[in-house]
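Please read these notes with the model open beside you. They are numbered so that each can be checked in turn.

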Amino acid sequence: MGVTLSALHWTYLIFVLLIIWFIVMRKDTSFICIAGILVLGFIATSSATQSITGIFNSFAYAIKELLGTILVISIIFGMSRILMKTGINEEMVLPFTRLIRTPALAYWTIGILMMLISFFFWPSPAVALMGAVLLPVALRAKLPALGVAVAMNLFGHGIALSGDFIIQGAPKLTADGAGIPVGDVIAASVPLVIVMGIVTTVTAFWLLKRDIKLGVLKVDELERSKKSEIKTEDEILHMRDIPSNVRKALAALVPILFAIDLIIMYTAKLQGGDATALIGGTSMLILIIISFFGYKANPLERITDHLIEGLQFGFKVFGPVIPIAAFFYLGDSAIGSIFGEVLPAGSQGLVNDLGIALAEIVPL
């Protein structure tokens, strides 16, 4: 028999449903998550002071749990910026541009490449790395800009981030909230990600082909003539003109190092925080190496500049995630750390108790 559900359990369930409703209505969820933390704290402690301080403490708990993921994304973004400024990203993508000759080839080549890069770089930095280089090539192949956006988002933010098998930031958040190993979440997500990926990408491809054929989507000549250069005064004044052969060697070095990481992760069975740390450390080394090749003055200061830029990006991306994580972590062990021993005897956490109660009602 499971534990008897208390007011805390029902309140938690109500706020979970409210959060889902906010998402369906496309409303920001920070307010409802903070309200949920406040109400749960008051019910748990009967103290306005403790429930208010619980908001801050739950945020601090979430940041502590997410810090490794935030840091690795920040370092990867800083690394992606130096790759873009030196033009190494163009060298990395250039071999694939030769495959892009038709709209169909453009869609699948850009999508699959986006997925592979997103596994290591996360989608947002991957879009910046690839978009400027591949968009003009796709437009020349007569794939409209909307088709490029669809491919990059479905394969990047869709398949790569839903699985997140390499960095393991997204499954770690789910695993911590449910109190289970991250490997279990990844294993269970594989069939879901495969089915979702096949259905969405094939359907989108069919819809794009139909709309291109009907003339609903077409490549604008003005769009095709745009150049996608990222030039700043900083580049002109401080960047070194890296010889072509050195740039190609550095472009090859990046995927080689990440491929070695994959081999190490597989042979050493690294998962969760250990896998994230390996990717993060490798990204930091790449950032340092390319900074010394790319800047003719003050490369040490430039390394710090890119780290700061990456941290700003990381906390901007995870700003909306932290309130959600703070609420859902209360469903497991965090509630005891923040509000004390407030759960009934025999409780295995709010989420697990609700799951057990559901299993007793509905045959599984």
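1. A word on the source. This is a predicted model, in which local features need pLDDT of at least 70 and side-chain atom pairs count only at pLDDT 80 or more, while totals for chains, interfaces and linings use all residues. Residues are numbered from 1 along each chain as its sequence is written, and side-chain values use heavy atoms, with hydrogens and water left out.

2. The protein has 17 helices and zero strands. Both are DSSP runs numbered from the N terminus (helices: H or I, at least four residues; strands: E, at least two). Along the principal axes, the C-alpha atoms fill a box of roughly 65 × 55 × 40 Å.

3. Of the 364 residues in the protein, 46% are buried. Buried means under 20% relative accessible area, exposed over 50%, and partly exposed in between (1.4 Å probe, protein chains only). Among contacts (heavy atoms within 4.5 Å) with a separation of 6 or more, 75% are between residues 24 or more positions apart.

4. Next, a helix pair. Two packed helices are described by the angle between their axes and the distance between the axes. Helix H5 (residues 103-121) and helix H7 (residues 145-163) have axes that come within 8 Å and cross at roughly 35°. These axes are lines fitted to C-alpha atoms, for helices over the stretch in contact, with angles running from 0 to 180 degrees between N-to-C directions. Residues making the contact include Tyr 107, Trp 108 and Gly 111 of H5 and Gly 147, Phe 155 and Gly 156 of H7.

5. Is His 306 buried or exposed? His 306 lies in helix H14 (residues 299-318) and counts as buried because its relative accessible area is 2%. Leaving aside neighbours within four places in sequence, His 306 is in contact with several residues, among them Gly 78, Arg 81, Lys 85 and Tyr 295.

6. Ile 70 sits in helix H3 (residues 48-86). Its relative accessibility is 1%, so Ile 70 is buried. Not counting residues up to four places away in sequence, Ile 70 touches Gly 314, Phe 315 and Phe 318. The C-alpha atoms of Ile 70 and Phe 313 are 9.3 Å apart, although 243 residues separate the two along the chain.
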